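Here is a short report on a protein model. It covers basis, domains and sheet.

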Amino acid sequence: MSSPSTSREGKRPWKAIIASIVAMFAVSVLVAACGGDDSDNSTGPIKVGILAPMSGSVASDGEDIQNASEMAIESVNADGGIDGRKIELNVADDACEAQQGVQAAEKLVQDNVVAVVGGYCSDATLPAMEVFSRSDNLPFVVSVSSNPDVTESGFENIVRLIGRDDFEAPADVAYLNDVVGSEKVAIVHDNTEFAVSVADNMKKEIEENGGPEIVYFDAVQPGSNDYRAMLDRVEREGADTLFYTGFYPEFGPIARQWSSLGLDYNLVGGTSTINSTVSELAPDAVTDDRFSIVTYPTALLLQGKEAKQYRADYKEKFGNDPGPYGVFQYDAMKTLIAAIEEDPADLSHEALNERLKATELEGVTGSIKFDEKGDRTAFPYLAVRSDGTDFVPEYSVGEDGTWGESGK
Amino acid sequence: MDTLLQTLVSGLTVGSFYALVALGYTMVYGIVRLINFAHGDLVMVAAFIGWFVLDRTPVGDLPPVPQIAIAAAISISATVLISLGLLKFIYRSLINYPLGFMIVALSVAFALQEIIKRVFGAGDRAYPPYTISTESIDLLGITVNRMDLVVIGLAASLMIGMLYFVNRTQTGMAMRALAVDHDAARLMGINVKALIAVAFGIGAALAAVTGVLSGVYYQRIGFEMGFMLGLKAFTAAVVGGIGNVAGAMVGGLLIGVLEAGVQGYLSGTWSDAFIFGTLILVLYLRPRGLLGERVAEST
């Protein structure tokens, strides 16, 4: 049994024995559950668990995830399902928090789902992963949680559709190299943990793999209104590009003052700078040729035929525009469906996990292919600029991981 | 040289905002020797009232100058009323209990933030764009926003007006008498209650001007905008010499210029550390502030 009980055996025999009995009982229940699992799963509908925040502050995103999941199975079920078996969704609410996440995960395990798709808040996703892993590596297709730990924890039952937080910096540097053609860059953050880590990782990436010379590396104070002192400094340091890794409330005034000062260099914002308030505050800046924002391929930004179809279908079915991240859930569901379809007769955890990692398909968010950790090999970041009303992609990361013109 | 001037303009603009808010702290402190920590959040409330008038009422259909004037007038009146209301119903009974007053004022600050958050939402709101704040002009080789000139000019005239008011008018003189000794002033027939209200009212009016001005210039307003502004302005008042009208201006401008200078020439990462470090040094060398604490000097 587990090592703590054996080590204590000498001192407290009774406790050790009781602990062993309890542990054995727990394992037998689990084994029984898993055993029942496999037999249950060979007939009747294919049950897929959805882990999403259906209550709490991000409940609207949870609803978006549920809607996207329903859309993804609609055509499959309309065609009579996979091998005559329809897909049935089982939604569990993680409320965007750790404890609820564990409870929701345990509920899904008890309900004998063949796999779980979802995960929005990393705080809930990480503890839920532990539960799935203990349940005989129940396959978990993570859609929106971007914390690196999701795929770094070494679990074998994870693939993930969204880009990791720490993928951003290499993509940012590649953008500066491939698209902007920057030779002297100024990197500015706002002292918050996320922005500092992106900025530091960009610096590391440039040092290791080459890129523009960093002529200025500093922070601004978030919440302030006047960033002209920093903007002038960047000009004085001779930068051809300013890259801001912080958040949109500061990026609005920065963009506005950048354009009103008539500065010569390019302005690029990181993934947390995209927001309609930026266009509202800086209408002249966001349409400028030298302005762009590197961002995730969210539902409203994607331009491909499939994405337009997704938006139209979503609006028709649910009466409103899709939320930003549901499209990753949609692709996550499609990934799982592809893995199931490959061999509907064998839906055991081990086989499904293996097939999920090997899945390759064209999703709405771009080409999907996973590395050995379960992350996408080339995450299709976009670079956008405003056309006067909306942000529109100008460039994107292609299958080979390099930036190119975005197919419109 | 040009960029030095440019940084200076930016610093003076931000400093003018600090100075206007610092005046409010100093007026109230000068008379009742209390710190009204809700003062910064009055700026925020005023900005939202101005935004409401411009964005949600027919006033927004008028040409820019009258609409800003009307919004400012409504915002000033409403903010003064709120401030007097707070004084009458909450602060008045606490005037002789400095600790209780401080805690209550802090609570009022948070209450105001929560109320605005409930009413207008947690997201930022934007003032309508005015060409005066979106287009820049060339002045002596540097690029300035016309609002820089408006802010600096308006702040300077308001501050000169305040100096005149405190030193040359009867009410101002009565206020200074009150600052020295409440009981003696009362014996001289000075209406203490009314003068305290005047101090709160003037402070609120200046806060309202700051709020609307900030909205028109930067467009972006949010429920949390007042707290840090209030804190910096309070620091400015203390550094200049609290209770001292000229000190509030000097302190405000100093902090604004220091902020811009540190960001522009030293290190933005360490900006707050530099600024507050300098302030510690100033207060270490001159505990009563740069221009001295008016009240203390007279006793």
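The sections below take these topics in turn.

## Basis

This is a predicted model, in which local features need pLDDT of at least 70, side-chain atom pairs count only at pLDDT 80 or more, and totals for chains, interfaces and linings use all residues. Residues are numbered from 1 along each chain as its sequence is written, while chains are lettered from A and ligands numbered from 1 in the order in which they are written.

## Domains

Chain A has domain 1 (3–40), domain 2 (46–163 + 303–368) and domain 3 (166–295 + 381–405). The bounds come from an automatic or database domain assignment. The centres of domain 2 and domain 3 of chain A, taken over C-alpha atoms, are 32 Å apart.

Their contact draws on 4 residues of domain 2 of chain A and 6 residues of domain 3 of chain A. Contact requires C-beta atoms, placed from the backbone, within 7 Å. On the domain 2 side, 1 residue is nonpolar, 3 are polar and none is charged. Nonpolar covers Ala, Val, Leu, Ile, Met, Phe, Trp, Tyr, Cys and Pro; charged covers Asp, Glu, Lys and Arg; the others, Gly among them, are polar.

## Sheet

In chain A, 5 strands form an open, parallel sheet in the order 2-1-3-4-5. Strands (E, at least two residues) and helices (H or I, at least four) are DSSP runs, numbered from the N terminus. Pairing needs at least two DSSP bridges. Strand 2 (87–93) and strand 5 (158–160) of chain A are at the edges with a single partner strand each, so one side of each has no neighbour in the sheet. The twist averages 25 degrees from one strand to the next.

Strand 4 (residues 140–142) of chain A pairs with strand 5 of chain A over 3 bridges. There, A:Val142 stands opposite A:Arg160.

Terms used: Axes are lines fitted to C-alpha atoms, for helices over the stretch in contact, and angles run from 0 to 180 degrees between N-to-C directions. Two residues are in contact if their C-beta atoms, placed from the backbone, lie within 7 Å.
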